[in-house]
Amino acid sequence: MIQPSIEIRSATSDEIPRAVAAIVAAFLTDPPARFAWPSPHDYLSAMPVATGEFAGSSFQHGTAYVSVDFCGAALWLPPGVEPNGQALEKVFRDTAKPEHMDDLLATFEKMEQSHPREAHWYLPQIGVEPNAQGKGIGAALMRHALARCDQEESLAYLEASKPQNIPFYQRHGFEVIGEIQVGSAPLVTPMLRKPRRP
């Protein structure tokens, strides 16, 4: 049976809260996010702010892609655009569990160091809210952005924050290029995708 095509488009600036809400719902069981904020209240308070600093530039660049029902979002940063590291660190210092702070900050520092030196598209966050998972929204979001990477012959880079997500990324052409594991912080897996020729 052929699945109906899922429409993906760029979110507008007034749709930022809806796109961020999809990420917050999708990351509810994300190991690094819940390492930072084990309490549900702290997670729900801090995660939208952290998402804004980590991936918010995607909205200014028109590279925050959403499904039309806002059940899924992929927040991409184009080449030369980086997360607001200082602001993100401040969010962690103000909100994250103090005992986890050193390992959390060291993990994010190593993530920064793992980026390719060449120009690349970076995917800080992609997610589909739990009630809509398994319907092809994540794959549609990924295909939408990777078509542009291929067209521009650009590298794409991400970190898998859950080992069980690695096969999904591999199906889209990403390869594991290392592992980041600091203290008691969860494993994070940097992955790189070379552009595919049409």
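What follows is a short exchange about how the labels on this predicted model are reached.

Biologist: What are the ground rules?

Modeller: This is a predicted model, so local features need pLDDT of at least 70, side-chain atom pairs count only at pLDDT 80 or more, and totals for chains, interfaces and linings use all residues. Residues are numbered from 1 along each chain as its sequence is written, and side-chain values use heavy atoms, with hydrogens and water left out.

Biologist: What makes up the secondary structure of the protein?

Modeller: Eight helices and seven strands. These are DSSP runs, numbered from the N terminus: helices are H or I with at least four residues, strands are E with at least two.

Biologist: Why is the protein called as compact as a globular protein of its length?

Modeller: Its radius of gyration is 16 Å, close to the 16 Å that the globule rule gives for 198 residues, so the description holds. The radius is taken over C-alpha atoms, and the rule is 2.2 Å times the number of residues to the power 0.38. Along the principal axes, the C-alpha trace spans about 50 × 35 × 30 Å.

Biologist: Why is histidine 100 called buried?

Modeller: Buried means under 20% relative accessible area, exposed over 50%, and partly exposed in between (1.4 Å probe, protein chains only). Histidine 100 has 16% relative accessibility, so it counts as buried. It lies in the loop between helix 5 and helix 6. Not counting residues up to four places away in sequence, histidine 100 touches Phe35 and Pro38. Contact here means heavy atoms within 4.5 Å.

Biologist: What makes asparagine 131 exposed?

Modeller: Its relative accessibility is 67%, so asparagine 131 counts as exposed. The residue sits in the loop between strand 4 (120–128) and helix 7 (137–152). Asparagine 131 is 105 residues from alanine 26 in sequence and 9.3 Å from it in space, C-alpha to C-alpha.

Biologist: Which value is positive in phenylalanine 70?

Modeller: Phi, near 60 degrees, in a residue other than glycine. Phenylalanine 70 lies in the loop between strand 2 (64–67) and strand 3 (72–77). At 9% relative accessibility, it is buried. Glutamate 153 also has a positive phi, near 55 degrees. Glutamate 153 lies in the loop between helix 7 and strand 5 (155–160). At 55% relative accessible area, glutamate 153 is exposed.

Biologist: Why is the pair of phenylalanine 92 and phenylalanine 108 called tilted?

Modeller: Rings of Phe, Tyr and Trp (its six-membered ring) pair if their centres lie within 6.5 Å; planes under 30 degrees apart are stacked, over 60 edge-to-face, and the rest tilted. By this rule the count is eight aromatic pairs. Phenylalanine 92 and phenylalanine 108 stand 4.9 Å centre to centre with 55 degrees between the planes, so by the cut-offs the pair is tilted. Phenylalanine 92 lies in helix 5 (residues 85–95) and phenylalanine 108 in helix 6 (residues 101–114), so the pair ties together parts 16 residues apart in sequence. Both residues are buried.

Biologist: Which residues do ring pairs link into a cluster?

Modeller: Trp37, Tyr43, Phe54, Phe92, Phe108, Tyr122 and Tyr157.
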